[in-house]
Amino acid sequence: MESILKMRGIRKSFFGVEVLHGQDFEISKGEIAALCGENGAGKSTLMKILAGVYTCDSGEIEYKGEKLGPNITPMDVQRRGISMIHQELNLLEDLTVAQNIFLCREPRNRIGAIDYKKMNSDAKTLLARLGEKIDPTRKVHELKIAQKQMVEIAKAISFNVELLVMDEPTSVLTGKETEILFNLIRNLSKEGVATVYISHRLKEIVDLCQTVSILRDGTFVTKKNVADVTVKDIATLMVGREVKESMASDYNGNGEIVLEVKDVSDTMLKDISFTLRRGEILGFSGLVGAGRSELMEVIFGIRKPHHGEIILEGKPITVKSAIDAIKANIGFVTEDRKDTGLVLGRSILDNINYEFWLKNRGGMRRRRDSSKRTQDAIKEMSIRCTGEDQLVSNLSGGNQQKVVLGKWLIANAKILILDEPTRGVDVGARQEIYRIIQNLANNGVSIIIVSSDLPEIMGICQRTAVMHEGRLTGVLNNSEMSESKIMYYATNV
Amino acid sequence: MVGIKKQQSVGEILVRIWKNYSIVVVFFIIIAICGILAPRFLQPNNLLNILRNTSIVGVIALGMTFVIIGGGIDLSSGPVMATSGAALIFMQRMVTEAGTPVYPLWFAILVCCLIGTAFGLLNGLIITKAKLPPFIVTLAVGIIARSLVMYFGRGATIMGNRIIEFTRIGSGSIFGIPTPFIIAALLAFLFHFILTKTKFGTYVFAVGGNENASRYSGIKVDRIKIYTYMIVGLCAGIAATIEMSRMAAVAVTTSGSQYEFEAITAVIVGGTALSGGRGRILGTIVGFVILGIVNNMMIMLNISPYLSGAVKGSVILFAVLMQRKD
């Protein structure tokens, strides 16, 4: 096959630390190539260099036989037919769906004004290709996160695209939406469009891609035909060692009930009751929008229920705000690290200590004690950083997540709620996070995991509650779990 | 990589100093330029005079640093200063028939500071409970405060009595250093301590950096914000005390006019991010002293006072440009 893109010897440093050490990457016309590697392996950086977001320190990029200069802008790159979906959503929340899709390329009418009619109908056609019925005149901030992602994808294919780069496009999508996306990619491939597909969900790679290129610590490891490898092979190549599948079983302890939720209802939730025992790992499955995150927000005091009771170790408690929950030793690792989990512009030390400081008396930070706690957490969680004063914004996704976990460890949480704890986290760090969760449970911490990733639920949870449209539709022990059973309750058919 | 401190080269140390203290470097460059343009500028008397004159806005700027780091802004400080100053004057000029003051001076000063703080509380409460943008709330409260002074002063200047011990606050010196600057310096030390060593200071940074994450972390976001507005209100009260001590009068329409903008300018020139979450007291000190120097140089070089805005604007742009982080 004729190659469409060749990247050779790409080097890039940030703050004096080289993250790409002479990276090579190649893709042919119509190829669906997976790019795999742990967080921080350099996948996103490499693609951002291609997109003109970053400039590489050295190396060359050849696209359709033509060299792309170092001063190329994202706009030039797009004009040449390279389209990219970044890991983070890049939509303007206050503009409409159609305005976002055609940003800077708005169709004009005869007098040069924007032709909204054409823009909206074009947007509608594009979205229909993705099986979405979103009204193109709606503002983006009104959309659910999965819909936003579909808008992002529609935007990417609205260009005359020849090379499509997708960085974790499915992390917020459900199974059905993912299937539509995959079919679209396969059809594009038949038309000769090459796709670079980055994902931590290795099963998707095996399902969708033809080849897989593996990066480790900023260097190219190998490129293989997907037909020749298994999920386990890819995982092993990525981390450079054997990856153990975590195996959970039924809860067999006889710990007392630490948390009892009784008849919690509000606009979204309908009469939810469940119990959690000491040291238990309880999953919450369901489709996006089933009300799982909302339920967790009620327990954590962010959302006020209309009625219902939360009973902690036999005593009813009222949680009016997060601090009440924190003082009751409840911890919450939220779904959206950047918005609700971390203050990105502050240091690791600050972020790790907020809860501890709030829970304990006294008005001083006590730098030395705080520093010691932070060092402990960095060691315990094996957070990769330059030091405790490093800004959290400069850490990779997996390490940021470890900082969030670390703060609850230090705050001595007895009940820990984790909402999508491994979203955007690579295989290696994911295993570490599972190990941390398992350790916490063994030490008597009760854990609730909200996850849309079924293998994750089945792999680590001893029991799972399944929700559908604000109702609890079923509870399964680990030995009873299967993907089809969980989906049966989640769709409530 | 975990927790290992690398041996740093001289170059790296210089880079770090530039990163953290570029504002101080800019400050000395400005002083050097001024010294060359007008040698009289460097005379100790002149320098001390600058510190005295700039300290009133400086005190407000110190409080403003909290509000801006916390992600807010206060446009009411100038009028609030005039209002609390007017209260101080009213109280200090009340005398009994025997000619002795009705209220002791300390009590009048205390009331003045409390009025400033109360306006801060009002600002904070409206902003957090009614969930309105600080820009609009403090603008409106400022307009109200200004109108109240004008009403109580019947549109004219409110004249007070000259009391020697009171005058000393604004016009006196201790060991040759102007008292107003000593007050500002003490406040600066206190505020620096609060921002860097206390939990409260940490939470102010957190709230300004990411309000949502702060709320999920259990920080009482509303309370922290209200406190920051109360601090700048208190500072307006302290500034009023100094100003009244020097003037012994409130010109109802012009007293404290533009002070809020000068204070915000000083904070921004000092490198505090207007978007919140980042900033330092040291920067604010340098910021307001630079503004004082500019005012002083205008007189030294005999430049038309009408051009002072042009020069100040350029200084802001220059200072902010110098500390821009790529």
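Select B:Ile17 first: this residue sits in helix α1 of chain B, where helices (H or I, at least four residues) and strands (E, at least two) are DSSP runs numbered from the N terminus. The model is predicted, so local features need pLDDT of at least 70 and side-chain atom pairs count only at pLDDT 80 or more, while totals for chains, interfaces and linings use all residues. Residues are numbered from 1 along each chain as its sequence is written, chains are lettered from A and ligands numbered from 1 in the order in which they are written, and side-chain values use heavy atoms, without hydrogens and water.

B:Ile17 is partly exposed at 42% relative accessibility; buried means under 20% relative accessible area, exposed over 50%, and partly exposed in between (1.4 Å probe, protein chains only).

Next, select A:Gln401 in helix α14 (residues 397-410) of chain A. This residue is buried, at 2% relative accessibility. Beyond its neighbours within four places in sequence, A:Gln401 has contacts (heavy atoms within 4.5 Å) with partners including A:Val333, A:Arg337 and A:Ile433.

Now select A:Lys223 and A:Glu31, which form a salt bridge with the closest N and O atoms 3.1 Å apart. A salt bridge is a side-chain nitrogen of Lys or Arg within 4 Å of a carboxyl oxygen of Asp or Glu. A:Lys223 lies in strand β10 (residues 219-225) and A:Glu31 in the loop between β2 (17-28) and β3 (32-36), so the pair ties together parts of chain A that are 192 residues apart in sequence. A:Glu31 is buried at 8% relative accessibility.

Finally, select B:Glu211 and B:Arg215, whose side chains meet in a salt bridge (3.3 Å, N to O). Both lie in helix α9 (residues 211-216) of chain B, 4 residues apart, about one turn of the helix.
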